[in-house]
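Here are my notes on this one, in the order I'd go through them with you. Have a look at the structure and then read on.

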Amino acid sequence: MNTESRPRGYLRRVIGSLRGTLSLGWIALVVIGSFLAPWLAPHDPLEQDIDHAYAMPSGTYWAGTDSLGRDILSRIMHGGSVSLLGAGEALLVAVAIGVPLGMLAGYRGGVVDAVLSRIAEVVMSLPVIVILLAVVAVYGRAFTITMGALGVILSASFIRLARATTEGKRNELYVDAARVSGLGHLRIAVRHVLPNITAPLLIQSTLALSSALLIQAGLGFLGLGPEPPAPSWGSGIADAAKYVNRDGWLMVPTGAVLILTVLAFNSLGDALRDATAHAAPSVERRRRVTSSGGTRSDPGHLLDVDGLRVEYPGRRIIDEVTLHVEAGEVLALVGESGSGKTQTAFSILGLLAPGGRITAGGIHFDGSDLLALPDKKLAALRGTRMAYIPQEPMSNLDPCFTIGSQMIEPLVVNLRIGRAEARRRALALLARVGINEPERVFRSYPHEISGGMAQRVLIARAVSCEPSLLIADEPTTALDVTVQAEVLDLLRDLQRERRMGIILVTHDFGVVADIADRVAVMRNGRLVEEGPVGEIFASPSHPYTKMLLDSSLEGREPRKELRHV
Amino acid sequence: MSEVLKVSDLRVGFGRRGLFGKAVEVLHGVSFGIAAGETFGLVGESGSGKTTIGRAVLGLVAPSAGTIVLNGVPIDDLRRRRRLAREVQVVFQDPYTSLNPAMTIEDILSEPLRVHGMERGAAARRVADLLDRVALPADAGRRYPREFSGGQRQRIAIARALSLEPRVIVCDEPVSALDLSTQARILDLLIEIQDTLGIAYLFISHDLAVVRHISHRVAVINKGAFVETGTAAQVTEDPAHPYTRRLLLAAPVPDPARQRERRAERHRLADAAPA
């Protein structure tokens with residue numbers, strides 16, 4: 001799945017999160033206070049009350065007064081509109097320059113991309129303050145020009161971000177479809193690419209605003225902000241720093257407002273990012289059990305699942321699933337997408353996605369109650385007694401490590417053998433799963449081998465610690481048919497050699513017919529029927545099984561040649 | 001028989017980088033023709049070049065040699081895409097990424113029409129017709145792609161392909177991402193549409209059973225070249241080339257006894273042939 005921005009729900013999720021509410025609330029307060037300062041501020045920001053200089057907060061001066069007896073709160077409020085407008089101007093300039101150029105670079109690629117990317121890199125490597133000092137030296141303290149220059153510098157990060165995200169979207173199938181429909185490039189960029197990269201750009205915008213505010217305050221601190229006595233946040237802090245020995249309080253109100261506003265923009269960015277990531281599947285998996293277990297288990301069975309029920313908040317996805325696996329037996333778990341077959345497998349491994357919990361039933365493996373087992377003990381079981389083969393071999397190999405080190409690690413950790421012995425065994429296993437040059441593959445990184453090879457590596461790793469139960473989730477679906485046939489042969493041989501029990505999750509009745517001893521058919525989280533493979537294929541008793549078998553295209557009449565038009 | 005699409009000696013090379021880089025040729029001169037109302041199936045494994053043929057016909061990659069003639073007009077000029085769009089359309093494999101997630105179904109379906117100058121009201125009527133054509137409810141137009149199942153999304157993709165009344169539709173693995181029962185329904189929809197509208201399909205798939213079901217003629221492609229071409233029955237029941245035989249035997253059939261025989265035969269074949 002992809003993590004596109006989802007227009008309506010997206011905003012609601014941002015506002016709905018605590019972080020989003022707090023940061024948006026603070027930003028709204030600052031904006032209102034700043035722009036309505038002429039009406040809301042309790043005092044004139046320039047009015048001096050020399051008798052009450054350095055005053056602490058009181059009923060008259062809520063945040064105290066500064067060295068000239070001016071009301072600090074009023075100065076913060078009046079200074080705010082200058083600061084915010086300046087930051088906004090910098091952001092506008094940055095977006096107006098950065099987004100179109102970045103999208104152009106990402107969409108066109110080639111020379112255009114190379115030139116624009118180098119320019120962006122040069123701009124990003126320039127020291128911001130030094131450049132701005134130069135701008136001030138040339139143009140004087142014209143705040144608009146300084147902030148415009150800041151925007152130009154900040155645009156580099158927008159170029160890079162827009163380029164990277166556009167490049168990712170450029171090869172999406174819906175962009176190809178739009179090209180096939182005869183749409184022009186500009187229209188494709190605006191209608192098909194831009195809406196799908198707004199989320200990261202929005203996040204970048206909040207970060208740009210906060211850094212613009214900080215840089216601005218820095219300039220003000222150096223005395224290069226708006227001309228005194230006009231109030232600004234930077235000059236307020238500079239003023240406070242000058243008299244910090246006489247009155248430490250001076251620093252507090254202006255500093256706090258600046259810090260809180262910068263923090264608010266940053267955490268708004270976090271809230272936006274969280275809302276975007278919301279749709280992405282999480283890799284973190286936990287086991288939650290509320291079932292008391294204590295159900296039936298047959299001593300002759302390797303694995304017993306009895307009356308299993310799995311719930312996610314608000315929906316029950318598996319109910320009353322009872323099945324078993326004997327040693328040396330292949331059980332195929334068949335069903336269409338959403339049938340709960342993969343969730344059943346993950347429940348056995350104790351790897352349900354966040355929010356998922358087993359609320360009824362029991363799972364017994366080799367005599368021990370898995371649901372009663374502490375997490376640590378279960379983790380120790382996984383990879384040793386119980387192993388797993390995933391559907392996508394590539395995403396289950398770490399691109400940063402060689403195949404060899406990924407093979408050796410579980411051996412060293414689980415079997416407590418030396419690295420040399422582990423290496424010897426890993427090479428033997430690679431040879432066993434039909435890899436011709438085990439030494440070369442051992443030294444390779446995952447991107448250097450093919451998908452079929454990667455699946456062989458994962459099978460070798462899964463059986464390396466001699467598990468008695470292997471759970472394979474669509475292990476051949478991502479492979480070519482000729483490779484699939486070889487991988488199924490390999491699984492069958494290993495299974496017979498080691499008398500492993502296998503649970504094979506699949507949607508393909510051809511695969512079932514090839515390798516399974518028994519079949520369990522699932523639909524909508526429930527078991528529809530279960531039995532020996534010969535019986536199910538010869539005389540399915542449930543209409544759903546019959547429908548699934550009938551929808552196979554295998555054995556149907558091929559379409560006749562077109563005679564005449 | 002008049003051919004709406006004729007491809008002759010098509011070659012495509014990729015990846016020339018820098019001044020002295022060499023292009024890797026992925027298609028080594030393939031030729032075929034498709035008549036109106038006919039399905040030409042293209043079977044091959046990943047990396048065989050089957051998708052590249054489709055993308056060349058769609059104008060998404062430039063051929064390095066050879067000609068593609070659509071309805072008598074050579075389409076060697078990629079800049080004529082807009083005119084090409086009326087003639088050849090596409091249904092991609094992955095219904096989850098082939099529809100823009102930020103657009104409503106109505107926008108997705110009406111955009112090609114509006115770009116080609118149809119006014120709003122007429123486009124809306126056409127969208128309603130299209131939704132009906134692919135058996136989706138009329139209110140589907142107001143919803144977003146994420147609200148639909150894989151099979152329904154593929155119906156939307158088919159409706160989009162139909163919107164400009166093309167003569168040729170390139171179907172690139174259009175049912176591989178779908179459940180088995182949904183697969184059959186989508187294939188039957190494609191066949192029914194072809195029988196009524198007389199559209200030609202270039203149907204690309206790795207699955208021989210699927211290709212056989214929908215194709216009148218089939219070509220088997222391996223490493224960028226056709227190894228065998230013939231009627232669906234010839235190629236899938238009496239293959240001439242050893243590669244086709246291997247491909248055919250590798251696909252498991254949903255019948256344990258027959259599958260056991262096929263497996264044994266595959267092993268015999270593998271032992272007989274030099275590795």
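**Notes on a cavity, a sheet and an annotated span**

1. Start with the lining of the second largest cavity: its residues split into six nonpolar, three polar and two charged. Bear in mind that this is a predicted model.

2. Who is in that lining? Chain A supplies A:Tyr174, A:Ala177, A:Ala178, A:Ser181 and A:His192, while chain B brings B:Asn100, B:Met103, B:Ile108, B:Glu111, B:Pro112 and B:Arg160. The elements giving two or more residues each are α8 (173-180) of chain A and α3 (105-115) of chain B.

3. On volume, the second largest cavity holds about 60 Å³ of space. The structure has six cavities of 30 Å³ or more.

4. Over in chain B, six strands make an open, mixed sheet, ordered β6-β7-β8-β3-β9-β10. β6 (88-91) and β10 (225-231) of chain B sit at the edges with a single partner strand each, so one side of each has no neighbour in the sheet. From one strand to the next, the twist averages 20°.

5. One residue pair to click on: B:Val88 has B:Val168 in β7(B) as its bridge partner.

6. What lies across these strands? Helix α1 (residues 50-58) of chain B does, covering β3 (39-43), β6, β7, β8 (200-205), β9 (217-222) and β10 of chain B, and it runs at about 150° to β8(B).

7. Back to chain A: an unreviewed UniProt entry puts "domain: ABC transmembrane type-1" at residues 80-269. In the model, residues 80-269 of chain A are 82% helix and 0% strand, with the end C-alpha atoms 21 Å apart.

Terms used:
Residues numbered from 1 in each chain as written. Chains lettered and ligands numbered in written order. Predicted model: local features only at pLDDT ≥ 70, side-chain atom pairs only at ≥ 80, totals over all residues. Heavy atoms only, no water. UniProt positions renumbered as here; feature names shortened; annotations may be inferred. Helix = DSSP H or I, 4+ residues; strand = E, 2+ residues; numbered from the N terminus. 1 Å grid on protein atoms, 1.4 Å probe; cavity = no way out; pocket = protein on both sides within 12 Å on 5 of 7 lines; lining within 4 Å. Points joined across faces, edges and corners; volume = space filled by probe spheres on them. Nonpolar A, V, L, I, M, F, W, Y, C, P; charged D, E, K, R; others polar. Pairing = 2+ DSSP bridges. Axes fitted to C-alpha atoms, helices over the stretch in contact; angles between N-to-C directions. Contact = heavy atoms within 4.5 Å.
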